[in-house]
Amino acid sequence: MQRANLQKKRECDKKIDFWWMCVWYNIAKGLCKSGFGMSKTMVITSGKGGVGKTTITANLGRHLAARGHSVVLLDVDLGLNNLDVLTGIEHKIVYDIVDCIENRCRVRQALVQDTVQSGLYILPSCHSYDKSKCSGQNIRAILASLAMQFEYCLLDCPAGIELGFHRAVAAASEALVVVTPHISSIRDADKVLGLLKSYKLDKTQIIVNRARGDLIATGEMVEIADIKTLLETEIVGVIPDDDTINILSSLGHSQKRNQDGLQALDMLAKNIATGDNQIFDVTKKYSGVLGAIRRKLKSKV
Ligand SMILES: Nc1ncnc2c1ncn2[C@@H]1O[C@H](COP(=O)(O)OP(=O)(O)OP(=O)(O)O)[C@@H](O)[C@H]1O
Ligand SMILES: [Mg+2]
């Protein structure tokens, strides 16, 4: 009898905790919408897999933090997560997002500070978990406790348009759709943009990733302007195909400031933080006589 009462009390306490989290979330959301406070919850999504969502989440987080903003990255790609590996924090993980959902720890306890930027924190995901147990409400409750502490909450979304996608989008207030200049990726992004309309987000923008200036200059790759026309959505950043982006995201980027990838990522972070619309020109390097030589050399690699 006593045990049953105790169980009932615990369940009641959990419900009250959850209710308070929802109240805080709505208060925070209301304050942000009214311009008070700056917390933005952005989901980085794509539809097609492997287009660079995780790479962009990690790098955008670091560049925003480098500009002095407080940023938290939430890995909501349950099961196939790799944000921890990319940011080099996998050995520092004690608790993960599921521990927060199942009340084994407070959200703050599960946060891991980035190895490069002190203003950046990561909430790691788990490697195996019954995904049906995690809902959009769970993610919203976690965001509620982070909203007052961080200016930017970036959610790394899983590929596809299944449950994981809906769970991540339902918790966000803005979306960044990553697309590569390939027809299959553009088609999937178009489907995702259609689905996003039903969520009534504050803003939806596109990031074109892995753009090859040499191929765009010769007409072998879809032009950036055409992607904008096809998807009828504003482009907030263009990131070139640059092998150093991957290496830099795991090692930090102190030495290689002049890399194209880094410049483009910095422009992206600036556009997001200030509302600017400066887009990195991936074809500039490949126009004119010198550009023609560069194109020839690149085609031989
Ligand atoms: N701009 C870029 N230049 C070069 N390589 C890149 C770029 N962006 C991403 N990559 C590479 O593409 C691969 C896939 O990237 P990533 O894991 O970020 O994609 P994803 O969309 O998160 O994949 P998934 O859908 O499986 O979660 C990685 O090997 C990454 O290094
Ligand atoms: Mg990923």
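Q: How many residues surround ligand 1, and which are the closest?

A: This is a predicted model. In it, 19 residues surround ligand 1. The closest are Gly 49, Gly 52, Thr 54, Ala 159 and Asn 246.

Q: Which elements give two or more residues to that shell?

A: They are α2 (53-66), β7 (203-211) and α11 (243-251).

Q: How many residues of each class does the shell around ligand 1 have?

A: Nine are polar, six are charged and four are nonpolar.

Q: Now the whole fold. How many helices and strands does the protein chain have?

A: The protein chain has 13 helices and eight strands. Of its 301 residues, 44% count as buried. Look at contact range too. Take contacts between residues at least 6 apart in sequence: 77% of them join residues at least 24 apart.

Q: What is the order of the strands in the sheet?

A: The sheet is open and has eight strands. The order is β3-β4-β2-β5-β1-β6-β7-β8, and the pairing is mixed.

Q: Which strands stand at the edges?

A: β3 (112-113) and β8 do. Each has a single partner strand, so one side of each lacks a neighbour in the sheet.

Q: How many bridges join β1 to β6, and how many join β6 to β7?

A: Four bridges join β1 to β6, and these strands run parallel. At that pairing, Met 42 stands opposite Glu 174 in β6. Six bridges join β6 to β7, again a parallel pair. There, Val 179 has Val 208 in β7 as its bridge partner.

Q: Why is β7 largely enclosed by the rest of the structure?

A: Count its buried residues. Seven of the nine residues of β7 are buried, so the strand is largely enclosed.

Q: Which helix lies across β6, β7 and β8?

A: Helix α10 (residues 224-231) does. It runs at about 145° to β7.

Q: How do I read a helix against a sheet? Which strands does α7 lie across?

A: Start with the general idea. An α-helix has 3.6 residues a turn, so residues three or four places apart point the same way. Now the case. α7 lies across β1, β5 and β6, and runs at about 155° to β1.

Q: Which residues of α7 are buried?

A: In α7 (residues 163-171) they are Gly 164, Phe 165, Arg 167, Ala 168, Val 169 and Ala 171. Note Arg 167, a charged residue in that list.

Q: Which residues have the most contacts inside the largest nonpolar core?

A: Leu 155, Ala 168 and Leu 268 do. That core has 76 residues. Ala 168 is also one of the buried residues of α7.

Q: Which residues is Leu 155 in contact with?

A: Leave aside neighbours within four places in sequence. Leu 155 then contacts Met 42, Val 43, Ile 44, Leu 74, Val 76, Ala 168, Ala 171 and Ala 172.

Q: Where is Ile 235, and is it buried or partly exposed?

A: Ile 235 is in strand β8 (residues 235-240). It counts as partly exposed because it has 18 C-beta neighbours inside 10 Å, and buried would need 20 or more. Beyond four places in sequence, Ile 235 contacts Ile 206, Val 208, Ile 224, Lys 228 and Ile 279. Gln 278 is 43 residues away in sequence, yet the two C-alpha atoms are 9.9 Å apart.

Q: What does Leu 215 touch, not counting residues up to four places away in sequence?

A: Leu 215 touches Glu 220 and Met 221. It lies in helix α9 (residues 213-217). With 19 C-beta neighbours inside 10 Å, Leu 215 counts as partly exposed. Its C-alpha atom is 9.8 Å from that of Lys 298, which is 83 residues apart along the chain.

Q: Backbone angles next. Which residue has a positive phi of about 60° although it is not a glycine?

A: Asn 103 does. It sits in the loop between α4 (97-101) and α5 (107-110). Asn 103 is exposed, with 12 other C-beta atoms within 10 Å.

Q: Where is Lys 200, and what is its phi?

A: Lys 200 is in the loop between α8 and β7. Its phi is positive, about 50°, although it is not a glycine. Lys 200 counts as exposed because it has 7 C-beta neighbours inside 10 Å.

Technical notes
Residues are numbered from 1 along each chain as its sequence is written. Chains are lettered from A and ligands numbered from 1 in the order in which they are written. This is a predicted model: local features need pLDDT of at least 70, side-chain atom pairs count only at pLDDT 80 or more; totals for chains, interfaces and linings use all residues. A residue is near a molecule or strand if its C-beta atom, placed from the backbone, lies within 6 Å of it. Two residues are in contact if their C-beta atoms, placed from the backbone, lie within 7 Å. A nonpolar core is a set of buried Ala, Val, Leu, Ile, Met, Phe, Trp, Tyr and Cys residues joined through C-beta atoms within 7 Å. Two strands pair if DSSP finds at least two bridges between them. Axes are lines fitted to C-alpha atoms, for helices over the stretch in contact, and angles run from 0 to 180 degrees between N-to-C directions.
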